[in-house]
Amino acid sequence: MIEVADLTKRYGRTTAVEGLTFQVRPGRVTGFLGPNGAGKSTTMRMMLGLDRPTAGEVRIGGVPYQRLHDPLRTVGALLDAKAVHPGRTALNHLRSLARGNRIPPQRVREVIELTGLRSAARRRAGTFSLGMSQRLGIAAALLGDPAVLVLDEPVNGLDPEGVLWIRHLMRDQAAQGRTVFVSSHLMSEAALTVDHLIVIGRGRLLADTSMTAFIDRHTDSGVRVRTPEPRRLRDVLAGAGITVTDHADGGLDVAAGAERIGELVAAHGVPVHEVTRNTASLEEAFMRLTADALEYRAEPPGGVRR
Amino acid sequence: MTSNSPRAVLAAEWIKVWTVRTTGLTLLLTFALSTGLGTLVALSWRGDIERVVNFDPLFAGLYGVTLGQLALVVFGVLLVGSEYSSGSIRASLCAVPQRGLLYGGKVLAGTLVALAGSTVTVIVTFAGAQAALGPYGTTLTADGIPAALAGAIAYLTLICAFSMGIATIVRSPSISLGVLLPLLFLSSQGLGNVPALKPVLRYLPDQAGLELMGLAGPSADGRFGPGYGTGTALVILLAWTAAALAGGYLLLRRRDA
């Protein structure tokens, strides 16, 4: 369990993270989404005690990271996969981490096997591809068999097989009752692995919801209708008990199937220029959500976001 | 208890020291530069002994060390600085979030290696130079020699620790070397010839080092050393080292990684 409470980080006059409060629960994969620069990595660094919050705090299993005893046994983290001494072999990198946290040496072998690094274990990390570095980063994260995993964009640079492997790994870890917190800037990627969703934009919390609720809420299955006589169309549809809302582009969003609408407008002789099924993807929903945040930030006080 | 075991942290840092090639390379270079130069100076002096001004067998023995320190400084700087240049400092801090503990472990591991390397280097450099001087050489047990050699070992070890402190402060190997090399070489060998600067320069670490190694010179004109005695020299060096290490610690504690 990770508890983020009123977390704020300012760099001079720039605010990277502002008043973030959320919890990451065990037994499920929690996705941490936001566009680049939203404050995801800053938040993760504060979780791990690397950056000092301007205000607020993060507790992992009830204590701040700095107070964890042999922290790699509790929290496994992957931040920047390339951040390994380029002259040290993968094996020695893992050995030194294990030694400092009193993790038995045979566990180093285990995570090397687990991450498929056996043939590269004695190569210097500087010669690794991004994909192999990611695997080494995952190996380091799993080293202490931790109950909490914090992964910053773990599928970056992985080949399709590696991406599948990471997805299975995260699901598997969550199924074992562990806490898995994974950041991504791609909603489509998150949709495949994530149970719960934390979305931030400009350092603020935008959504804290289950993935299914997010999908239900943000991908409407209605129909967009365009007509030169919107008032008449409204009356016709309202008469049939159908909800109609104005859309920003001048069309009407109608909560009914295209067949039903077609029959109704034909029966009443309402001219219609366009009938389109709404297929807003998750990615669009995500972009809308975060774009709202940007507008909100740019506007003078008096905005109307909840 | 809410921290890593200090012994485990030291052991982890010890593994880190010995699992990069630069450690072996810089230590070997320290040894080769010191012994090679010491022997070379001794040989050239022996061949022309009549014309050597202020002949001092100790100077021949330890002169090489003043150049060998260059490689040892690089060792200290890379040990700390590579954590920042590679970004691995974040992995290290995730593993050992008590920053003082991580820092202490790293500095101690590096200093122990520097102490061992310095001891071997100083003794072999001295012995090599005396062997090259032949009949003009002195011995390990001669008056003042053990103290001078101990002083040289202490100087090299402290300079390495000093370098680690500087590297922690500036967080970049190249900037560290840009600060340290002029500080340790330019002051005595370049700016040292500007009389007006002497009152200040004499307290720089390399000057204290010359004094500590007994290389201040019998001429006592201050050319090779400041002449304030070995006790003062040791205190000055310890102060420099403590200041650099404390500065590194305070910044490491305060800064975001």
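In the predicted model, B:Asp256 and A:Lys9 form a salt bridge in which the closest N and O atoms lie 2.7 Å apart. The count of salt bridges between chain B and chain A is one. Polar contacts across this interface, with both residues at pLDDT 80 or more, amount to 14 residue pairs.

Four helices of chain B, namely helix 1 (6-18), helix 3 (57-86), helix 4 (89-95) and helix 10 (230-254), each supply at least two residues of the side that touches chain A. Helix 1 of chain B gives the most to that side, with six residues. By residue class, the side of chain B that touches chain A is made up of 13 nonpolar, ten polar and eight charged residues.

In total, 31 residues of chain B are in contact with 35 residues of chain A. The area buried between the two chains is about 2,700 Å², and carbon and sulfur atoms give 55% of this area. Of the area that chain B buries against chain A, 20% is supplied by B:Ile15, B:Cys94 and B:Asp256, more than by any other three residues.

Within chain B, helix 6 (residues 145-170) packs with helix 9 (residues 205-212) at an angle of about 160°, and the axes of the two helices are 8 Å apart. Because angles over 145 degrees count as roughly antiparallel, helix 6 of chain B is roughly antiparallel to helix 9 of chain B. On helix 6 of chain B, the residues making the contact include B:Ala147, B:Gly151, B:Tyr155 and B:Phe162. Helix 9 of chain B contributes B:Pro205, B:Asp206, B:Gly209 and B:Leu212. The residues of this contact divide into eight nonpolar, two polar and one charged.

Definitions and conventions: Residues numbered from 1 in each chain as written. Chains lettered and ligands numbered in written order. Predicted model: local features only at pLDDT ≥ 70, side-chain atom pairs only at ≥ 80, totals over all residues. Heavy atoms only, no water. Contact = heavy atoms within 4.5 Å. Buried area = accessible area lost by both parts, 1.4 Å probe. Salt bridge = Lys/Arg side-chain N within 4 Å of Asp/Glu carboxyl O. Polar contact = N/O pair within 3.5 Å; in protein donor to acceptor, adjacent residues only side chain to side chain. Nonpolar A, V, L, I, M, F, W, Y, C, P; charged D, E, K, R; others polar. Axes fitted to C-alpha atoms, helices over the stretch in contact; angles between N-to-C directions. Parallel < 35°, antiparallel > 145°, perpendicular 65-115°, else oblique.
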